[in-house]
Amino acid sequence: MDIRTKLIHCGRGDQNAEVRSVNPVLMRASTILFKNHATWQKYRELRKTERVLSYGARGTTTNFELEKLVCEIEGGHRAQLFPTGLAALAMVLLNYAETGAHFIVSDAIYGPVRTVCNLFLKKVKVDVTFCRADCTDVAEKIQENTKLILVESPGSILYEVIDLPKLCELAHSKGIPVAIDNTYSSGYLYNPLKLGADISVIAATKYLCGHSDVPMGIVVCNEKEWKNFDSLPEALGFTTSPDDCYMVLRGMRTLAIRLAQHEKNNDAVVEFLKTRKEVKTIFYPKLESHPNHDIFMRDYKGTNGMLTIELADGYTKEDAIKLTDTLKLFSIGASWGGYESLATVTVPPRTVTDWSARGPFVRFHIGLENADDLIADLKQALDGISK
Ligand SMILES: *Cc1c(COP(=O)(O)O)cnc(C)c1O
């Protein structure tokens, strides 16, 4: 079944029920009740290996349907939900953390993950080496005690793309699991588990929810790594609200058509920006000028709404700020993946590659508005700073 069909038909509850609603039932619960002691015992046993009702914090049927749908599209064995995307990424790091271990983390990783490395991992004496955003230097950074490789592709802000099959082959030859932040593709444009990765992390906050009103993170594992991952999140009391799961399930039904429209609008905006002298560099992996264009075209179904530009020489951060302040259809805000357009002045948080001499950078999320309206808005704002 194609992912587009799965997005419509999976995660919808008991499909064989004689009478049912289109959407799965929203079940809110903290306490779950059992008919008698034997049943209670039975479900305590079952929950060790299966997704069954046993305690509200361990998820209700609404949570399970979302997990099933994400597993279906990612080709995973099991999924675990988290209150945020950051919590999901932090949990992946925590899960492999043991004193004396070494992790390799991509320079392109979602910025706040660095705080987890510097604050928590340092404290428990886990050594973290950052590798290039395109991961081409991983071979020389692997150590005897390397226990995890955590990457992101395309990278936050600059969209560096990695050769995942090659990276996984290298990592697996040394017995190291590979985890990847797949928020950009959100399980639709790219399926890392099918390319060899062991763990895929998606900030559902972005495109899965798609409407900027639910924070959530999801970890999807293959069977091998699920065994390592299984018990810790529940042991630490992580839970997600069934209402939020219901909203993300609703959002996911339109994931494919939303992403296709984001890409179409983004393509149109990129074509327009190519004509503007105020713009020096367009960071968009579909462009042949992008350094990882070939791998992107080989492994990805398409782009999303993300786009970053570097202003031309002579333009300052103040010009970039004026640009974002004078846009009318683009709001200023972090996060992305909703239906709306966003623009922020930003600096790529990289330490392996030094970008400090470059910029100013403006990151856009191209929303679902009419592309001509967005282009007209960008035109008036660029005209306003033009030198
Ligand atoms: C937003 C984002 C996250 C974190 O998601 P939150 O739900 O906001 O914590 C993780 N990875 C990437 C690539 C993101 O863009």
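Predicted model: local features only at pLDDT ≥ 70, side-chain atom pairs only at ≥ 80, totals over all residues.
Strand β1 spans residues 78–82 and is mostly covered, with 5 of its 5 residues buried. The side chains divide between two directions: Arg 78, Gln 80 and Phe 82 point one way from the strand, while Ala 79 and Leu 81 point the other way.

The pairing partner of β1 is strand β7, formed by residues 217–221. The two strands run in the antiparallel sense and are joined over 5 bridges.

## Surroundings of the ligand

The ligand is surrounded by 13 residues, of which the closest are Gly 85, Leu 86, Asp 181, Thr 205 and Lys 206. Helix α4, residues 85–96, gives the most to this shell, contributing 3 residues. The space that the ligand takes is the largest pocket.

## Polar contacts and burial

A ligand oxygen atom lies 2.8 Å from a polar backbone atom of Gly 85, and a ligand oxygen atom lies 2.9 Å from a polar backbone atom of Leu 86. A side chain also takes part: an N or O atom in the side chain of Thr 205 is 2.5 Å from an oxygen atom of the ligand. Taken alone, the ligand exposes 380 Å², and the protein buries 90% of that area.

Methods:
Residues numbered from 1 in each chain as written. Heavy atoms only, no water. Buried < 20%, exposed > 50% of the residue type's maximum accessible area, 1.4 Å probe, protein only. Helix = DSSP H or I, 4+ residues; strand = E, 2+ residues; numbered from the N terminus. Pairing = 2+ DSSP bridges. Near = heavy atom within 4 Å. Polar contact = N/O pair within 3.5 Å; in protein donor to acceptor, adjacent residues only side chain to side chain. Areas by Shrake-Rupley, 256 points an atom, 1.4 Å probe, with all protein chains shown as cover. 1 Å grid on protein atoms, 1.4 Å probe; cavity = no way out; pocket = protein on both sides within 12 Å on 5 of 7 lines; lining within 4 Å. Sits in = over half its atoms within 2 Å of the grid points.
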